[in-house]
Amino acid sequence: FLNVGQATISSTIQDDSSININTLIESNKFLDKLYRVRDQIDLVVDANDYSLKKIEKNIIEGQWKQSYTAQIDSDGNIISEDNLIQNNKLLFDPISVLYSLRNKDLKLNDKYEYHILGENEIKSLTTEVRNNETVKVPAGKYNCIKVIPYSNNGKNIFKENGYMTVWFSNDNKKIPVKIELKTNIGNLVLKLKKIFP
């Protein structure tokens with residue numbers, strides 16, 4: 001019931017083959033005194049299918065800190081500082097999945113499977129189109145398609161049994177209008193404020 005921080009998602013075109021996606025979750029000054037949060041994730045993804053090329057995470061949650069960096073080579077193998085994981089699947093981050101879904105023809109009960117790169121492990125994820133809902137956000141009122149991702153192998157996709165729900169605008173643009181994310185640090189609700197040309 002308290003607003004204790006903010007989260008932002010932004011993307012920029014790096015070149016014809018790559019897009020940078022950046023997310024930042026940060027607690028406000030009030031919460032910083034009790035439990036400081038600075039979760040920053042920087043992705044480089046393929047411009048065509050939004051699969052991962054590189055991921056860099058810098059996480060600060062209270063006294064707990066963690067950094068993780070990995071690159072995916074041209075064969076799909078995962079290269080991190082202390083590990084090499086052989087892989088032949090397209091890999092995604094939950095945020096890059098959102099971008100990928102925008103290219104899909106989302107219809108009721110449709111399901112799409114993805115392979116998510118965790119920290120030196122690969123998890124299986126299914127996204128399911130559930131229903132249409134009207135969603136009101138600062139940018140206005142939208143008729144939306146509700147999509148829920150979930151694990152299809154029993155492993156948690158998000159920490160501490162967290163979950164995500166996404167509402168895309170029900171049009172050709174499929175703009176992420178609202179994102180709800182339950183995590184170990186609380187419930188995050190991102191609402192569309194403005195669409196830039």
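Glu 128 and Arg 130 are joined by a salt bridge, with their closest N and O atoms 3.6 Å apart; the term stands for a side-chain nitrogen of Lys or Arg within 4 Å of a carboxyl oxygen of Asp or Glu. This is a predicted model, in which local features need pLDDT of at least 70 and side-chain atom pairs count only at pLDDT 80 or more, while totals for chains, interfaces and linings use all residues. Residues are numbered from 1 along each chain as its sequence is written, and side-chain values use heavy atoms, with hydrogens and water left out. Side chains of opposite charge can pair when their charged atoms come close.

**Salt bridges**

- By this rule, the count of salt bridges comes to seven.

**Accessibility of the partners**

- Glu 128 counts as buried because its relative accessibility is 13%, where buried means under 20% relative accessible area, exposed over 50%, and partly exposed in between (1.4 Å probe, protein chains only).
- Arg 130, at 35% relative accessibility, counts as partly exposed.
- Asp 32 counts as partly exposed because its relative accessibility is 22%.
- Lys 107 has a relative accessibility of 49% and therefore counts as partly exposed, and Asp 105, at 49%, counts as partly exposed too.
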